[in-house]
Amino acid sequence: MRILRFLLQKEFRQIFRDPAILRMILVAPLMQLLILPQAADYEVKHIQLAVVDHDHSDYSHQITDKILSSGYFELAEETATYVQALDLVETDDADIVLEIPPHFEKNLIRDNKEQLFLAANAINGTKALVGSGYLNNIIRDFNNEIRLDWSQPGRFSQATTIGVETINWYNPLMNYKFFMVPGILVFLVTMVGTIMCSLNIVKEKEIGTIEQINVTPVRKHHFILGKLIPFLVIGFVVFSLGLLIAWLVYGIVPLGNIAVLYLFLFVYLVAVLGLGLLISTYSSTQQQAMSLSFFFIMIFNLLSGLFTPIESMPEWAQVIAHANPLTYFIEVMRLVVLKGSGLADIGFQLLVVAGFAIVFNAWAILNYRKAS
């Protein structure tokens, strides 16, 4: 224990001696937690709409006004032909084209049905998909309003009306920040743990101090613990500050037991620090360690369910997602913070991440060759 204590003192002094490392470890993640949730908004607004109105009737004006007053759409231009509207799409001045056919109002009254044409610029798939969905909902509402106007008071309407009431459990207002902030906090803790741990050990290789340690009586497990424990402590500090920001800035207070979160965090940090240690054993320079760390973290981040549901991914991507420790911590964060789940509810995720911790650390220790 005495040797380990000296190693830990050396590591902490080495970390706190360099202000740049402190900024990377503490300031950068917290700034990201403040900025990223503000930008990562699932709601799509300011969709540019080109309208081709061949009818110029009262109903065609009503439906156009209803769409533009929804707050999601802005009128790019009202053109005389579809070709002119398509030119706006080609120059990125319009995202969606709405074409209202001739005799729209007349056919709607006479036949009780009419077709509108929508064309979306799918280069930005999210904007096209969400914008078309908004537009379809608005048109459906307009259709219902017309049918209500046509139904005569005092007479039984032949049109069946089905009312729907919805409720959102665990996030009643569908606040995307409540959904994103816990996931982003996990991502930041992963970055600090993996990258800083791998760089710290490789730095010893580059400046040659690891060779000096290798000829001392310091045992292998002392050296590895001396490298892991400081970043374990820093990971706890970053996570705690992140929870504080989540509460002060976003008003997010975990519904579940916070001790469960910290227990899972401990196991998770052992896993990602083991990954950082493993990367360092395969790297000779900090540049190599940084490249390898970013390679894994980008894959982990994109295939973790943070931005897109895992169930909607292709099967091969789902396999990678389930072999990704980030997936399980993001799931646990959302369960504990939003749903108030307890230890019994996250037992499976805890066992899986503990398995990752054992595999990564055992692999790293076996791969670490200490010269006698």
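Is the crossing of helices α2 and α9 right-handed or left-handed? In this predicted model, the crossing of α2 and α9 is right-handed.

**The helix pair**

Two packed helices are described by the angle between their axes and the distance between the axes. Helix α2 spans residues 19-39 and helix α9 spans residues 220-250; they pack at an angle of about 35°, and their axes are 10 Å apart. On the α2 side, the residues that meet α9 are Ile25, Leu26, Pro29, Leu30, Leu33, Leu34, Pro37 and Gln38. Their counterparts in α9 are Phe231, Ile234, Val237, Val238, Leu241, Gly242, Ile245, Val249 and Tyr250. By class, this contact has 15 nonpolar residues, two polar residues and no charged residues.

**The sheet**

Strands of a sheet pair through backbone hydrogen bonds, either parallel or antiparallel. Here, four strands form an open sheet in the order β2-β1-β3-β4, with mixed pairing. Strands β2 and β4 (117-120) stand at the edges and have a single partner strand each, so one side of each is left without a neighbour in the sheet. From one strand to the next, the twist averages 25°. Strand β3 (residues 96-100) runs antiparallel to β4, and four bridges join the two. Within this part of the sheet, Val97 stands opposite Ala119 in β4.

Thr79 belongs to strand β2, which covers residues 73-79. Is Thr79 buried or exposed? With a relative accessible area of 7%, Thr79 is buried, because that value falls under the 20% cut-off. The side chain of Thr79 reaches the backbone oxygen of Thr81 at a distance of 3.1 Å. When neighbours within four places in sequence are left aside, Thr79 is in contact with Val51, Val52, Asp53, Gln84, Ala85 and Leu88.

Most residues other than glycine have a negative phi. His56 has a positive phi although it is not a glycine, and His103 likewise shows a positive value in a residue other than glycine.

Notes:
Residues are numbered from 1 along each chain as its sequence is written. This is a predicted model: local features need pLDDT of at least 70, side-chain atom pairs count only at pLDDT 80 or more; totals for chains, interfaces and linings use all residues. Side-chain values use heavy atoms; hydrogens and water are left out. Buried means under 20% relative accessible area, exposed over 50%, partly exposed in between (1.4 Å probe, protein chains only). A polar contact is a pair of N or O atoms within 3.5 Å; within protein, one must be able to donate a hydrogen and the other to accept it, and residues adjacent in sequence count only if both atoms are side-chain atoms. Contact means heavy atoms within 4.5 Å. Two strands pair if DSSP finds at least two bridges between them. Axes are lines fitted to C-alpha atoms, for helices over the stretch in contact, and angles run from 0 to 180 degrees between N-to-C directions. A crossing is left-handed if the near helix is turned anticlockwise from the far one by less than a right angle, and right-handed if clockwise. Ala, Val, Leu, Ile, Met, Phe, Trp, Tyr, Cys and Pro count as nonpolar, Asp, Glu, Lys and Arg as charged, and the others, Gly among them, as polar.
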